[in-house]
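Me: I would like to go through this structure with you, asking at each step what stands behind the words used.

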Amino acid sequence: MENTVPADTYVDVMLRVNGSARRLRLDSRVTLLDALRDELDLTGTKKGCDQGACGACTVLLDGKRVLSCLTLAAQCEGREVTSIEGLATDGRLHPVQEAFIRHDGFQCGYCTPGQIMSAVALLQEGRAGSDEEIREFMSGNLCRCGAYPNIVAAIREVAGRGSE
């Protein structure tokens, strides 16, 4: 049996993704994660559990962190989406990306984009006052390799110099 989607379930969505307006025609049930990966070819955002439990799909929506696997693309009409691909400016890595490299805040690297996006939001929210606070506000992002001490060190470094 062929799986077809009725034409009336499609919606036109305009997103601002990494600073660029992007118009998409999508099934209304498509998640932001799938729109980024499958429609816009932005594969840095990872699909981990697809249930909102691991944080691998974390992106910024209007500057706030969201789990893109639990967010419908249609809900993002006219809003600003920042994925890991949008953090670097003029070919220069974001300070959090640089700190993750310096502190080896990744091993396999699968969770790294979500970790970095969450860390950027954490710093913008002013929640990096202590290691305990960093751990608490990063707790929604899981790392199977156990790079947590290095991730905390990277965030602490950026928080200490006041960069975001």
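Me: What makes L67 partly exposed?

Reply: L67 has a relative accessible area of 25%, and because buried means under 20% and exposed over 50%, with partly exposed in between (1.4 Å probe, protein chains only), L67 is called partly exposed. This is a predicted model, in which local features need pLDDT of at least 70 and side-chain atom pairs count only at pLDDT 80 or more, while totals for chains, interfaces and linings use all residues. Residues are numbered from 1 along each chain as its sequence is written, and side-chain values use heavy atoms, with hydrogens and water left out.

Me: Where is L67 found, and which residues does L67 touch?

Reply: L67 is found in strand β4, residues 64–67, where helices (H or I, at least four residues) and strands (E, at least two) are DSSP runs numbered from the N terminus. Not counting residues up to four places away in sequence, L67 touches G52, G55, C57 and T58, a contact being heavy atoms within 4.5 Å.

Me: How do you know how many disulfides there are in the whole structure?

Reply: A disulfide is a pair of cysteine sulfur atoms within 2.5 Å, and a search of the whole structure finds zero of them. For C49, the nearest cysteine sulfur is that of C54, 3.8 Å away, and C49 is in no disulfide. C145 is likewise in no disulfide, with the sulfur of C108 the nearest, 3.8 Å away.

Me: Why is C145 called partly exposed?

Reply: The relative accessible area of C145 is 31%, so C145 is partly exposed.

Me: What makes the crossing of α3 and α5 right-handed, and which residues meet there?

Reply: A crossing is right-handed if the near helix is turned clockwise from the far one by less than a right angle, and left-handed if anticlockwise; that of α3 and α5 is right-handed. The axes of α3 (residues 112–124) and α5 (residues 148–160) come within 11 Å and cross at roughly 35°. Q115, A119, L122 and L123 in α3 meet Y148, I151, I155, V158 and A159 in α5.

Me: How do you know whether the radius of gyration of the protein chain agrees with that of a compact globule?

Reply: The radius is taken over C-alpha atoms, and the globule rule is 2.2 Å times the number of residues to the power 0.38. With 164 residues, the rule gives a value near 15 Å, and the protein chain has 16 Å, so the two agree. Buried residues make up 41% of the 164 residues in the protein chain.

How values were computed:
Axes fitted to C-alpha atoms, helices over the stretch in contact; angles between N-to-C directions.
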